[in-house]
Amino acid sequence: MTASVKLTGRDLVAIDDYSADELRAVLARSGELKASMRRGERRAEAAGKTLAMIFEKPSLRTRVTFEVGMLQLGGHAIYLAPQDIQLGTRESVPDAARNLSRWVNGIMARTFAHRTVQELAEHASVPVINGLSDWEHPCQAIADLLTIQEHFGRLEGLKLTWVGDGNNVLHSLLLGGAKLGMSLVAATPAGYEPDAKVVARARELGGAGAVTLTHDPRGAVAGADVIYTDVWVSMGQEAERAERLRAFAGFQVDTALVRAAGPKVKVMHCLPAHRGEEIAADVLEGPSSIVLDQAENRLHAQKGLLAMIL
């Protein structure tokens, strides 16, 4: 399948930019590159190519995995800190996109506003990758799907239960998971559900029963293959911290919640984690956790994507 799917020059602004077959091809290519790295093979898919990495937010996983990924594919990455471009103030987004397109082979952007990534893609003549925005986190979702596929041998028919905030990561997982045949349940406090348009699109992709919304985390995890959580207070939401901690009381992924899902459930978190808030420390470090596999697979999933689009 990988050879028959061509993504050269394509953007990844949102997970729905790619069809089910295209997502499967990226997952397959990612797995191939992961196996190749473990065999100690040298790769050259990005030889002579450069990726510009625009960061409006700080990052550990996104920066390191894209930079190392380009290096392992024989290419180079340039880190552009917030003060280097000052998108929208010192330099307009269209101007930045058009200038970078003359110098580099691809642009990855980690931004606050999703519109910033969209504008970059509209005005750049090289592929643009959404490394995180307030609306979606497609690279995280692809890495997550790769991780689930590795642990279960498939995606179709699996049940993933999200416990916590209906945020950007959940948006990408709903769309990607539904597209690939998963059943997704989102347990959130009232008022913190995923966006209704995303839910409607996921149901359109996977069928009416593909997505279930609930405010009951205990009921939501029954029969789950995967429990997934994320921080309750993301970057830019610090002023809401006290209010959010009150709203999310009872939504911690702790030992009792994991036990309610059954002995074979896997626990995921995209990190960074706030131990004792959205997830208990003993669960994060426990035998059900595949959190570090997720983190590692950011590297391999993004390499698969880069190898196909650059």
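**Helix packing, pocket and backbone**

I began with α1 and α13, where A25, V26, R29, S30, L33, K34, M37 and R38 of α1 touch E296, N297, L299, H300, A301, K303, G304, L305, A307 and M308 of α13, contact being heavy atoms within 4.5 Å. By class this contact holds nine nonpolar, four polar and five charged residues (Ala, Val, Leu, Ile, Met, Phe, Trp, Tyr, Cys and Pro count as nonpolar, Asp, Glu, Lys and Arg as charged, and the others, Gly among them, as polar).

I note that this is a predicted model, in which local features need pLDDT of at least 70 and side-chain atom pairs count only at pLDDT 80 or more, while totals for chains, interfaces and linings use all residues. Residues are numbered from 1 along each chain as its sequence is written, and side-chain values use heavy atoms, with hydrogens and water left out.

For helix α1 (residues 20–38) and α13, I read a packing angle of about 115° with the axes 8 Å apart, the axes being lines fitted to C-alpha atoms, for helices over the stretch in contact, and the angles running from 0 to 180 degrees between N-to-C directions. That makes α1 roughly perpendicular to α13 (under 35 degrees counts as roughly parallel, over 145 as roughly antiparallel, 65 to 115 as roughly perpendicular and the rest as oblique). The helices (H or I, at least four residues) and strands (E, at least two) are DSSP runs, numbered from the N terminus.

I then turned to α2 and helix α13 (residues 291–309), whose axes come within 9 Å and cross at roughly 50°, so α2 and α13 are oblique to each other. On the α2 side the contact includes R61, T65, F66 and M70, and on the α13 side it includes R298, Q302 and L306. I sorted the residues of this contact into six nonpolar, five polar and three charged.

How do α7 and α8 lie relative to each other, and at roughly what angle do they cross? Their axes come within 8 Å and cross at roughly 10°, and therefore α7 and α8 are roughly parallel. H171, L174, L175, A178 and K179 in α7 meet V198, V199, R201, A202, L205 and G206 in α8, a contact of seven nonpolar, two polar and two charged residues.

Next I looked up the largest pocket, which has a volume of about 600 Å³. I found 30 residues in its lining, with R110, L132, V231, S234 and M235 nearest the centre; α2 (61–72), α7 (168–179) and α10 (241–247) are the elements that give two or more residues to this lining. The lining divides into 10 nonpolar, 10 polar and 10 charged residues. A pocket here is an open set of points on a 1 Å grid over the protein atoms alone, where a 1.4 Å probe fits, with protein on both sides within 12 Å along at least five of seven lines, and lining residues have an atom within 4 Å of a point. Grid points are joined across faces, edges and corners, and the volume is the space filled by probe spheres set on the points.

Last, I checked the backbone. Most residues other than glycine have a negative phi, and most peptide bonds are trans. L271 and P272 are joined by a cis peptide bond with omega about 0°, and P272 sits in the loop between β9 (266–269) and α12 (281–284). Q86, in the loop between α3 (82–85) and α4 (93–101), has a positive phi near 55°.
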